[in-house]
Amino acid sequence: MEKDRSSLFERIEKLLALSKSSNPHEAAAALSRAQKLMSLHDISYSELNTLSIGESDAVLVPGLKTRNILGTIGAMVGKCFGVFAFTTSTGTAVSKLTFIGPKERLESAVYACVFLQRQLKIAISEFRCKEKKKQEQRYLESYLKVVKDFCVLRPDLQDIPDWLLPKTFAEIKKYDLDNDGAKVVKSKVAKAVRNYTQGWLESVYHSLEEFAGVTKEEREAMDRYVSDKYPSVHDVVQRHNSASFDYSAYTQGLQDGSQDGKLRQAVKGSQQTKMLEF
C-alpha cells in the first residue's frame, strides 16, 4: 500500500513538472490531471513538498561527542544550509547527529559538519598543548614559592642548595608521591579547554552567513517531516557553569574562531561547489 502511494506521489510530481511546460495546452492538461489525482486521493500540496525532504546522519569525529559541541555544530550547519539538526544521545555521549532538509542540500550539509568538527579538533589540540605547558609552569612556580617561603621560617634550611629543587614540572614527581601536581594541571587544562571550545564555537557561529534560500514551503515540509517521524524531538538549551568559567580561555577561543577565515570561506563556498578542504 505504501509503495502504491509512493508511486502515486511520483506520478503527481511528474504532472506538476509538466504543468510548467512552455506549451500552454500541455501545461494546462498536466495541471488538471494532477489536481484531479490529488483530489481523488486526498493529497495536499504540503504532503507533496514533504517528499523532497530527506535525512542524513553525519560522521562524528572522536573526542567531540558532547551534546553541547555537536548541538552547536548542528546549529551552524543548519544556519548555513537551511536544514534542521538534532542529536541522539546514548548516556552522556552523542551517538548520532541527524540533518533533515531538502535532499539536494543534505550532502553538502553533512560534509560541512565533518569539516567543522575536524577544524575544531585541530584548534583544541593546539590550544591544549599550549595550555598544558602554561599550567605546568605556573604549578612549578607556585611549588617553588611554597618551598622557599617555608625555608624562610626555618633558619637551618635557608642554605638549601638549588640543585635540590626541581627545575621542571616533571622533576616535581620526585617529591610529589601522590601526583597532586599532575591532577591539578589536568583539571585546570580541562576547564580551559571547555571554555576555549565555547568561545571558538560562538565566534564561528556568529561569523557564518545565514542561508537565504529556505522557502516557506520547505520550512513547513521540514516541520511536518520532523513532527511525523520524530515527535519527541525538542530544543535543548545549553548552559555553562559560571563557577568553572575560564574567561581567558574563552576569549582565546573567540579570537581563534574569528581569525579562521579559511573555515568560514570553505563552509560558505560549499553551498555551491560542495568542495571542502581537510
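**Stop 1**

Select Glu136 and Lys132: their side chains meet in a salt bridge, at 2.6 Å from N to O. The model is a predicted one, and this distance is computed from its atoms. Both Glu136 and Lys132 belong to helix α5, which spans residues 103-152. They sit four residues apart, about one turn of the helix. Side chains of opposite charge can pair when their charged atoms come close.

Which partner is buried and which is partly exposed? Glu136 counts as buried because its relative accessibility, 17%, is under the 20% cut-off. Lys132, at 42%, counts as partly exposed.

**Stop 2**

Move to helix α7, residues 216-229, and select Asp228 and Arg224. Here too the two residues are four apart, about one turn of the helix. They form a salt bridge, with the closest N and O atoms 3.9 Å apart. Asp228 counts as exposed, at 55% relative accessibility, and Arg224 as partly exposed, at 31%.

**Stop 3**

Select Asp57 and Lys96. Their side chains form a salt bridge of 3.8 Å, N to O. Asp57 lies in strand β1 (residues 53-57) and Lys96 in strand β3 (residues 93-102), so this pair ties together parts that are 39 residues apart in sequence. Asp57 is partly exposed at 36% relative accessibility, and Lys96 is partly exposed as well, at 35%.

**Stop 4: aromatic rings**

Show the side chains of Phe, Tyr and Trp. How many aromatic pairs are there? The count comes to four.

Begin with Phe86 and Tyr230, a tilted pair: the ring centres are 4.8 Å apart and the planes are at 55°. Phe86 lies in strand β2 (residues 84-90), whereas Tyr230 is in the loop between α7 and α8 (247-259), so the pair ties together parts 144 residues apart in sequence. Phe86 is buried, with a relative accessible area of 10%.

Go on to Phe127 and Tyr196. Their ring centres are 4.2 Å apart and their planes are at 10°, so this pair is stacked. It links distant parts of the chain, with Phe127 in helix α5 and Tyr196 in helix α6, 69 residues apart. Both Phe127 and Tyr196 are buried.

Ring pairs link Phe84, Phe86 and Tyr230 into a cluster.

**Stop 5: a charge over a ring**

Select Lys79 and Tyr205. Lys79 lies over the face of Tyr205, at 4.4 Å from the ring centre.

**Stop 6: a buried serine**

Select Ser203, which lies in helix α6. Ser203 is buried, with a relative accessible area of 10%. What does Ser203 touch, leaving aside its neighbours within four places in sequence? Its contacts are Gly253, Leu254, Gly257 and Ser258.

**Stop 7: the whole chain**

Zoom out and show the cartoon. The chain has nine helices and three strands, in the order α-α-α-β-α-β-β-α-α-α-α-α along the sequence. Of its 278 residues, 37% are buried. Among contacts with a separation of 6 or more, 75% are between residues 24 or more positions apart. The accessible surface is about 17,200 Å², and 53% of this belongs to carbon and sulfur atoms.

**Stop 8: confidence**

Colour the model by pLDDT. The chain averages 79, and 77% of the residues score at least 70. Which elements have the lowest and the highest mean pLDDT? Helix α9 (residues 261-273) has the lowest, 53, and helix α6 (residues 180-207) has the highest, 92.

Then select residues 235-243, where the pLDDT is below 50. Beyond near neighbours in sequence, this stretch has five contacts in the model. Finish with residues 271-278, where the pLDDT is also below 50. That stretch has 22 contacts beyond near neighbours in sequence.

Notes. Residues numbered from 1 in each chain as written. Predicted model: local features only at pLDDT ≥ 70, side-chain atom pairs only at ≥ 80, totals over all residues. Heavy atoms only, no water. pLDDT = per-residue confidence, 0-100. Contact = heavy atoms within 4.5 Å. Buried < 20%, exposed > 50% of the residue type's maximum accessible area, 1.4 Å probe, protein only. Areas by Shrake-Rupley, 256 points an atom, 1.4 Å probe, with all protein chains shown as cover. Salt bridge = Lys/Arg side-chain N within 4 Å of Asp/Glu carboxyl O. Phe/Tyr/Trp six-rings, centres within 6.5 Å; stacked < 30°, edge-to-face > 60°. Lys NZ or Arg CZ within 6 Å of the ring centre and 35° of its normal.
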